[in-house]
Amino acid sequence: MSRLGEVIETTRRARGFTQAQLAERAGVTQGALSRYEKDLRAPDDETVRSIAEALGVTPRFLEHAGRPQAAMAVDAHMRRRATAKPTVWRQLEAELNVLRMHASMIFEDVHLQSEQRIPTFDSWEMRPADAARLVRMQWRMPIGPVRSLTRWLESAGCLIIERDFGSARVDGLSQWVGDVPVIFMNSAAPTDRKRLTMAHELGHLVLHSDQISADLEDEADEFAAEFLMPMDVIRPQLRSLHISRLGDLKRDWGVSMQALVERAYREGLMTAAARTNFYKTLSAKGWRVAEPFSDELTPEHPELPAQMGEALTAKGLDPQDIAEIAGFHSAADNVLLPVPESRRLRLM
C-alpha cells in the first residue's frame, strides 16, 4: 500500500506549511493536494517532483520513506511540558518523523561503528534505576557525575540532532531508526536542561523500545535521575541539603537545582515541608524560572552529524551528493548532515 500521502502530509507539517501554501508552491490546487495526502488520487511523476522540490526533498524520499509514527507510539517519545500547545508538538512530531526518514535513507549507505551500544530492557521486569546502573556499568562510566553526556551517547551510536524549537515548552523527542537511536533536541535549552532531557530520552530508548506502560514518563524520569546522579554516590551530598550548596552541586553534577531538590526528596532525604521551603526560596529569588550558573556548565553539542558529513566528503562526495543520499532536494535544504572542515568518523 502506498504511503506517499502520509509522507507528503507529514513533511508538509514539518515544514510548517498549510495545504494552501504547499499547493501554491508546488503549482497544484489545494483540492488536488488534499486528495494526494489522503491517497485518494496518485500524483504523476512530474507532480511528485514539484511537490518534493517545494518541500525541499527528493522524489525518492517521498516515494520510499517509511510510514510516519506518532511521537507517543511504542518506539517514539516526546518530552514536553504540560502547557505545550498541540500545534507546537504536532509540528515537532512531524519534524522528528521526517528526520527519522532522512536518517533511514542515510543508513542505507552508511554504517556506523560504535564503541558502545544502547541496550534495551523490559520495563515490566526491570526497575528504571536498575536499568540506569546497568547502562553505566556496560559503558564502563567513571563513578560520579557524567561528563560530556553527548559524547557518551554518540559513542553508543546515538544520532543527536539539535535545532531551536521556538518554544521553551518542548525539550526533546526520540525514536529508533531500525537499530539506530535518534534524539531530537531543543538547542535553546540551557545545558542542565539539555542533559536531563538527553538522559530522559535515553531512558525511553532503553526501557520503551518494544512496549510502553502507563508510567513511561515517570520511568524515564527515574532512569535519568539515577543515570546522572547515582544515589550511592550523591547521597552524602544530599543529606542536610542547604540552599547555599545548590550552586556548587549544580556545577559538579551538571543538573539543575530543582533536579537536585527532587532527587533528595524522592529518595527520602528531604521532608515534604523542606521541599516546599526550598521551592519558596527558589521562587523568591526568581530561580524557578531562570536558574543561575547554567552558563558555567560545559556546553553539550552533538558532533556525530558533522562527523558523518565530513566522512562522506572524504569519500569524494560533494555537498549536493550528500544531500541527495539523505533525501534532500539541495545542499541548502540539508539540515541533517552539515559538512565541517574537520573531524572524522570511521565508516564501513
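Student: What is the mean pLDDT of the chain, and what share of its residues reach 70 or more?

Tutor: This is a predicted model, and the mean pLDDT of the chain is 88, with 93% of the residues reaching 70 or more.

Student: And where does pLDDT stay under 50?

Tutor: One such stretch is residues 70-75, where pLDDT stays under 50 and for which the model has 23 contacts beyond four places in sequence. Over residues 341-348 the pLDDT is also below 50, and this stretch has 21 contacts in the model beyond near neighbours in sequence.

Student: Which residues of helix α4 are buried?

Tutor: Helix α4 covers residues 45-55, and its buried residues are Thr47, Val48, Ile51, Ala52, Ala54 and Leu55. Seen down the axis of α4, these buried residues fall within an arc of 160 degrees, so they line one face of the helix. On the other side of α4, Asp45 and Glu46 are exposed.

Student: What do the buried residues of α4 pack against?

Tutor: They pack against four helices, namely α1 (4-15), α2 (19-26), α3 (30-37) and α5 (59-64). Just after α4 comes glycine 56, which takes a positive phi of about 80 degrees.

Student: Changing topic: which residues touch the most other members in the largest nonpolar core?

Tutor: That core has 45 residues, and the ones touching the most other members are Ile118, Trp139, Leu153, Val206, Phe223, Phe227 and Met229. Helix α9 (residues 191-207) gives the largest share of this core, six residues. Apart from it lies another core, of 28 residues, with Ala84, Ile106, Phe328 and Leu336 among them.

Student: Which side chain does the side chain of glutamate 226 make a polar contact with?

Tutor: The partner is the side chain of arginine 263, at 2.5 Å. Arginine 263 lies in helix α13 (residues 257-266), and at 6% relative accessibility arginine 263 counts as buried too.

Student: Which backbone oxygen does the side chain of arginine 263 reach?

Tutor: The side chain of arginine 263 reaches the backbone oxygen of methionine 229, at 2.9 Å. Leaving aside neighbours within four places in sequence, arginine 263 is in contact with Ala225, Glu226, Met229, Pro230, Met231 and Leu238. Glutamate 226, with residues up to four places away in sequence not counted, touches Ala129, Ala132, Arg133, Arg136, Met231 and Arg263.

Student: And arginine 195, buried or exposed?

Tutor: Arginine 195, which lies in helix α9, counts as buried at 4% relative accessibility. Beyond its neighbours within four places in sequence, arginine 195 is in contact with Val146, Ser148, Leu149, Leu228, Trp253, Gly254 and Glu300. Arginine 195 and alanine 224 are 29 residues apart in sequence, and their C-alpha atoms are 9.1 Å apart in space.

Student: You named Ser148 there, so where does serine 148 lie?

Tutor: Serine 148 lies in the loop between α7 (128-138) and α8 (149-155), and it is partly exposed, with a relative accessible area of 28%. Although serine 148 is not a glycine, it has a positive phi of about 50 degrees.

Student: Last one: what is phi of phenylalanine 293?

Tutor: Phi of phenylalanine 293 is near 75 degrees, which is a positive value in a residue other than glycine. Phenylalanine 293 has its place in the loop between α14 (272-284) and α15 (304-314), and at 23% relative accessibility phenylalanine 293 counts as partly exposed.

Methods: Residues are numbered from 1 along each chain as its sequence is written. Side-chain values use heavy atoms; hydrogens and water are left out. Buried means under 20% relative accessible area, exposed over 50%, partly exposed in between (1.4 Å probe, protein chains only). Helices (H or I, at least four residues) and strands (E, at least two) are DSSP runs, numbered from the N terminus. The arc is that of the directions from the helix axis to the C-beta atoms. Contact means heavy atoms within 4.5 Å. A nonpolar core is a set of buried Ala, Val, Leu, Ile, Met, Phe, Trp, Tyr and Cys residues joined through side-chain atoms within 4.5 Å. pLDDT is the predictor's confidence in each residue, from 0 to 100. A polar contact is a pair of N or O atoms within 3.5 Å; within protein, one must be able to donate a hydrogen and the other to accept it, and residues adjacent in sequence count only if both atoms are side-chain atoms.
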